[in-house]
Amino acid sequence: MNDRAALDLLVAHGALTRTRISELTGLSKPTASQLLSRLTETGLVRTRNKERGKPGPNALLYEIDPAAAHVAALSADPWGISAVVADITGTVVGRARVEADSVADHVRHRTAQLVKEAVDGALADAGPGTREPHTTVIGTPGAIDPHSGELRYAPHLPGWHSRTLRSELAEVLGAPVTIENDVNLAAMAEQHEGAAQDHDNFALVWVDNGTGAAIVVDGTLLRGATGGAGEIGYMPLPGAPLARGGPGEYATARAGGGFQSLVSVSAVRELAGDRPLADALADPSVREETARRLAAGIAAVVAVVDPELVVLSGAVPQTGGEELRALVEQELTGLALPRPLLRMSDLDGDPILTGALLSALAQAREQVFDTA
């Protein structure tokens, strides 16, 4: 327990002196010295001299050894796979992108090979000395059914629906793989580093080529019986055709109706005569109509789960910016009795990759830091 407490402090604060670790843990200096010696011997902690010119005595600093383990985080979409590799401290050391259209279900192991190619590319970018990933987390649209092991709600990702996909991925990567819904991962990123840091009850509404939500209640992600909680793209709304036929037939942005057919990138572009998204949302009338549609869907979510905060993310909100957010907030007035805060995502980079990396690091540290 003392070892783990010290490791968690080093993750949170960075390099610390033995004296500071003793103060933060409440342990005596001799006990702190013993645990630091133990952690150094196991290869989890390393020492370095304090930089000259900084206040205080030139005591040794203790820090997590970045080489203790590496993790991989990936984001899959219909056009390819993005991957990053990071050391156990969370520092990204390599990146890669494999451009490849999703392949047909009958091409065996092709998806696993594409994932392997993306991870290998990130490892190559990281350079010599980078370990094979201890833990890998992949973000995809849809969700893995906990009962069947099959990816559901993502028919636009052919090749990802094999019930043995996780075992195929584990075989080519040499370690277990976690497949997680991309919007859930984006919410994890917002909860740890973004607009939802100070909230335990919030909804993230993702509006991009696809549309979805992640619901966090009392700090815990709501998944549902089949992993489908938050699949609001299928949600029936006035003005949209019903999404009949189920997920298997809902293959494109406007295929089956529902909320997604009103607010996705292609739906917004259609409002403006298929102009580029930025041009479409620069048109005041298109921006106002998009805000009305977004508000109607968000009001339905708010009426059911009553979050204290709604975070807007994805290409449509990010392109529309503060003007679109303000219009959505205005349109929400009177649509739902609860009045949650409405914020834009303020994360830099890809929130799905950020969430996948946070998840991979949490899993790896739980195992690597277990010195018992």
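Colleague: Which residues does Ala-175 touch, leaving out those up to four places away in sequence?

Modeller: Bearing in mind that this is a predicted model, Ala-175 has contacts with Pro-133, His-134 and Ala-170 once residues up to four places away in sequence are set aside.

Colleague: And where does Ala-175 lie, and is Ala-175 buried or exposed?

Modeller: Ala-175 lies in the loop between helix H5, which covers 165–173, and S10. Its relative accessibility is 12%, which is under the 20% cut-off, so Ala-175 counts as buried.

Colleague: How far is Ala-175 from Ala-229, C-alpha to C-alpha?

Modeller: Their C-alpha atoms are separated by 28 Å, and the two residues are 54 residues apart along the chain.

Colleague: Let's switch to helix packing: at what angle do H6 and H12 pack?

Modeller: Helix H6 (residues 182–193) and helix H12 (residues 351–368) pack at an angle of about 75°, and their axes are 7 Å apart. That makes H6 roughly perpendicular to H12.

Colleague: Which residues in H6 and H12 meet?

Modeller: From H6 there are Asp-182, Leu-185, Ala-186, Met-188, Ala-189, His-192 and Glu-193, and these meet Pro-351, Ile-352, Thr-354, Gly-355, Ala-356, Leu-358 and Ser-359 in H12. By type, the residues of this contact between H6 and H12 divide into eight nonpolar, four polar and two charged.

Colleague: Now electrostatics: how many salt bridges does the structure hold?

Modeller: The structure holds 17 salt bridges. Arg-4, Asp-8 and Glu-366 are linked in a network of salt bridges.

Colleague: What about Glu-63, which residue does Glu-63 form a salt bridge with?

Modeller: Glu-63 pairs with Arg-48, and the closest N and O atoms are 3.0 Å apart. Since Glu-63 lies in strand S3 (residues 60–64) and Arg-48 in strand S2 (residues 45–49), the pair ties together parts that are 15 residues apart in sequence. Glu-63 is buried, with a relative accessible area of 12%, whereas Arg-48 is partly exposed at 32%.

Colleague: Where do Glu-23 and Arg-20 lie?

Modeller: Both lie in helix H2 (residues 18–25), three residues apart, about one turn of the helix. The side chains of Glu-23 and Arg-20 meet in a salt bridge with an N to O distance of 3.1 Å. Glu-23 has 51% relative accessibility and therefore counts as exposed, while Arg-20, at 38%, counts as partly exposed.

Colleague: Last one, how far apart are the closest N and O atoms of Glu-322 and Arg-325?

Modeller: Those atoms are 2.8 Å apart, in a salt bridge between Glu-322 and Arg-325. Because the two residues are three residues apart in helix H11 (residues 315–332), they are separated by about one helical turn. In terms of accessibility, Glu-322 counts as partly exposed at 47%, and Arg-325 counts as buried at 12%.

How values were computed:
Residues are numbered from 1 along each chain as its sequence is written. This is a predicted model: local features need pLDDT of at least 70, side-chain atom pairs count only at pLDDT 80 or more; totals for chains, interfaces and linings use all residues. Side-chain values use heavy atoms; hydrogens and water are left out. A salt bridge is a side-chain nitrogen of Lys or Arg within 4 Å of a carboxyl oxygen of Asp or Glu. Helices (H or I, at least four residues) and strands (E, at least two) are DSSP runs, numbered from the N terminus. Buried means under 20% relative accessible area, exposed over 50%, partly exposed in between (1.4 Å probe, protein chains only). Axes are lines fitted to C-alpha atoms, for helices over the stretch in contact, and angles run from 0 to 180 degrees between N-to-C directions. Angles under 35 degrees count as roughly parallel, over 145 as roughly antiparallel, 65 to 115 as roughly perpendicular and the rest as oblique. Contact means heavy atoms within 4.5 Å. Ala, Val, Leu, Ile, Met, Phe, Trp, Tyr, Cys and Pro count as nonpolar, Asp, Glu, Lys and Arg as charged, and the others, Gly among them, as polar.
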